Amino acid sequence: MSNPLLSKVNDLIKKYHLEAFKDVAVFMIILLAFHVFWKIFVSNILAVDFITNSANWLAGVVFEQAKWFFEITGMNVVPFDKLTVFNSMHDNVFFVPSTNGYVYVNLSCSGLKQFYQWFFLMMLFPGPWKHKLWFIPVGLIIIHIVNVFRIIGMVVVTMNIPDHWDFMHDYVARPFFYVVMFLLWVWWNEKIHLKSKKEKKATSV
């Protein structure tokens with residue numbers, strides 16, 4: 001038995017051609033729900049050894065790849081696998097001599113949260129599973145590359161405009177993850193999911 005309210009909503013969506021807005025709303029709800037879930041249970045999540053070890057490993061990979069970039073470009077950045085700063089030991093540290101600034105690639109910089117966010121988004125959002133098998137890994141690779149350049153960008157900010165570091169980190173670099181995920185989702189929705197739906201309708205006629 002169909003829900004009358006749901007039927008009315010679907011009729012309105014079809015009448016005013018709001019399918020695209022419905023899909024965007026679903027995307028935002030899934031992403032926001034995961035973000036809230038992670039924020040509430042982050043201490044419990046990171047208490048799982050596998051997740052913490054994965055985050056540490058991934059942070060190290062991001063650090064090494066960013067370090068490689070600085071080496072080939074010859075930028076005046078000094079990397080440390082471990083460094084004591086203000087009486088605290090930190091892993092994966094970039095020191096910028098020109099401004100006496102530091103950038104740490106820690107657990108929260110690993111990109112692991114965004115990996116899980118992307119994975120669950122794609123698992124929950126409709127679409128052909130045969131395409132999800134390759135699209136999810138492609139998205140993870142792109143998110144990882146974006147994260148490496150995010151760290152590089154924050155080191156460049158430390159080098160040139162250190163007074164704006166907090167603003168660039170919180171309001172530019174961090175939200176950029178979600179811009180990239182949105183663009184990847186648009187690619188999925190427009191080029192794969194909706195195209196697959198049209199092909200199914202065409203073959204059923």
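These legends describe close-up views of a predicted model. Local features need pLDDT of at least 70 and side-chain atom pairs count only at pLDDT 80 or more, while totals for chains, interfaces and linings use all residues. Residues are numbered from 1 along each chain as its sequence is written, and side-chain values use heavy atoms, without hydrogens and water.

View 1. The largest pocket has a volume of about 680 Å³. A pocket is an open set of points on a 1 Å grid over the protein atoms alone, where a 1.4 Å probe fits, with protein on both sides within 12 Å along at least five of seven lines. Its volume is the space filled by probe spheres set on the points. The lining has 27 residues (an atom within 4 Å of a point). Closest to the centre are Ser108, Cys109, Lys113, Gln114 and Arg174.

**View 2. Elements around the largest pocket.** Two or more lining residues each come from α2 (19–46), β3 (101–104), α4 (112–124), α5 (129–160) and α6 (165–204). Helices (H or I, at least four residues) and strands (E, at least two) are DSSP runs. The largest share, six residues, belongs to α6.

**View 3. Packing of α3 on α5.** Helix α3 (residues 49–73) and α5 pack at about 60°, with axes 9 Å apart. Axes are lines fitted to C-alpha atoms over the stretch in contact, and angles run from 0 to 180 degrees between N-to-C directions. The crossing is right-handed, meaning the near helix is turned clockwise from the far one by less than a right angle.
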